[in-house]
Amino acid sequence: MRAALLAHYDAHRREMPWRGETDPYRIWVSEVMLQQTRVETVRERYGPFLARFPTLRALAAATEAEVLKAWEGLGYYGRARNLRRAAIEVESFRGGRLPSTSPALRALPGFGPYTAAAVASIAFGEPTAVVDGNVVRAAARWLDEDRDLARAPARSRLEAAAQAVLDPARPGDWNQAVMDLGATICVPRNPQCLVCPVATWCRAHAAGREDRIPRRKRRKPVPHHDIAAALVWKDGQVLVGRRPSEGLLGGLYEFPGGKVEAGETLAAACAREVAEETGLAVEVVELFRTVEHAYTHFTITLHVFHARVRGGRLRATGVEDLRFVPTSALAELAFPRANRRVLDDLAAVGPPPWAAGAGNDGRRAGSVC
Ligand code: SF4
């Protein structure tokens with residue numbers, strides 16, 4: 001089974017910029033990017049990130065804002081913050097060299113079992129199995145395991161099987177080969193058993209049950225929230241604030257706003273949220289853009305209004321670095337994807353005519369964002 005899968009991997013592996021890489025730092029970056037992010041997205045972003053931070057030392061020397069800006073659009077920003085924290089720790093206390101074993105890697109920020117096993121096996125040849133969703137699905141089918149895979153008995157069995165079947169001579173290639181198999185052939189629906197290199201050893205396939213393994217769970221409905229936010233203009237500048245470092249989208253900039261409460265109009269919610277977050281009373285002038293966006297556990301409709309200041313004094317509550325900035329500065333700041341889509345539209349059409357003022361830099365946003 002090992003020989004068959006590795007021969008298939010050698011002949012058909014997916015070409016990716018990080019395949020064949022030997023620098024542990026670059027392997028680590030690829031594995032962190034690949035968590036919860038599509039390969040196609042990582043393929044585009046891997047090179048530019050490494051061009052910006054070519055070495056672990058360069059990453060450790062960067063500010064959090066610089067790293068978040070380079071990570072913009074990849075989502076799950078905690079990964080970027082932990083990547084930087086771990087780089088600082090390695091640079092400060094470990095002589096700039098990543099530890100070579102998975103237990104030592106797990107002591108660093110952001111290294112869970114998956115990332116530690118992936119980096120230790122691919123970069124350092126440690127014979128430790130990676131267990132991600134693709135591996136679990138393939139192993140469940142090899143063993144015809146039809147119990148709930150979220151529960152300990154089935155999970156332990158699959159982890160033990162993944163470790164037992166790992167090729168100790170080529171652990172990094174083996175792990176990547178199993179992940180490739182799960183991503184391209186042993187896919188969740190309609191696995192391609194006819195072209196599968198390990199079909200001979202697959203019990204679910206032998207029993208004709210590959211479509212029923214793993215057992216499917218009924219998905220819970222995903223909550224949806226309406227969010228009202230404002231482009232608050234003053235003297236041609238727009239108001240932004242940075243979310244606190246910890247938590248969802250931590251360290252990213254955004255426009256003031258928040259959840260629309262039951263019975264509230266969008267404009268009223270927008271004015272209330274701006275007042276609570278910034279201390280400013282605003283006149284909500286017009287709806288600028290509506291954006292649909294999906295996070296892992298909920299979806300949002302983001303309603304973004306143009307608004308102007310009518311009174312109050314700037315006082316940040318629940319945000320940091322609250323300030324008016326010229327539109328030319330927006331490109332330098334890291335925003336969540338939904339906000340970035342609003343900025344792209346703003347760049348195309350520019351601020352409303354009434355928002356122009358002495359504080360702007362005289363150019364349309366379209367020329368600078
Ligand atoms: S034979 Fe089918 S179910 Fe079994 S590992 Fe291959 S693709 Fe997956």
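The model is a predicted one, and its protein chain is divided into domain 1 (2-212) and domain 2 (224-367). The secondary structure of the protein chain comes to 14 helices and 7 strands, and the C-alpha trace spans about 70 × 50 × 35 Å along its principal axes.

**The chain as a whole**

- In the protein chain, which has 369 residues, buried residues make up 37%.
- When contacts in the protein chain are taken between residues at least 6 apart in sequence, 66% of them join residues at least 24 apart.

**The largest nonpolar core**

- The largest nonpolar core holds 97 residues, and the members that touch the most other members are V119, V135, A139, A230, V232, C270 and A307.
- Because domain 1 (2-212) and domain 2 (224-367) both give residues to this core, the core lies between them.
- Leaving aside residues up to four places away in sequence, V119 touches P24, I27, W28, E31 and L105.

- The C-alpha centres of domain 1 and domain 2 lie 37 Å apart, and 10 residues of domain 1 are in contact with 9 residues of domain 2.
- On the side of domain 1 that touches domain 2, the elements that give two or more residues are α5 (64-71) and α6 (78-93), with the largest share, 4 residues, coming from α5.
- The residues on this side of domain 1 divide into 3 nonpolar, 3 polar and 4 charged.

**Helix α5 and its cover**

- Within α5, the residues V67, L68, A70 and W71 are buried.
- Seen down the axis of α5, these buried residues fall within an arc of 160 degrees, and they therefore line one face of the helix.
- The elements that cover the buried residues of α5 include α3 (39-52), α4 (56-61) and α6; α6 is also, together with α5, one of the elements that give two or more residues to the side of domain 1 that touches domain 2.
- Just after α5, the residue G73 takes a positive phi of about 95 degrees.

**Residue T184**

- T184 is found in helix α11, which covers residues 171-184.
- Is T184 buried, exposed or partly exposed? With 14 other C-beta atoms within 10 Å, T184 is partly exposed, because a residue counts as buried at 20 or more such atoms and as exposed at 12 or fewer.
- Between T184 and P351 there is a separation of 167 residues in sequence and, from C-alpha to C-alpha, of 46 Å in space.

Conventions: Residues numbered from 1 in each chain as written. Predicted model: local features only at pLDDT ≥ 70, side-chain atom pairs only at ≥ 80, totals over all residues. Contact = placed C-beta atoms within 7 Å. Core = buried A, V, L, I, M, F, W, Y, C linked by C-beta atoms within 7 Å. Domains from an automatic or database assignment. Nonpolar A, V, L, I, M, F, W, Y, C, P; charged D, E, K, R; others polar. Arc of directions from axis to C-beta.
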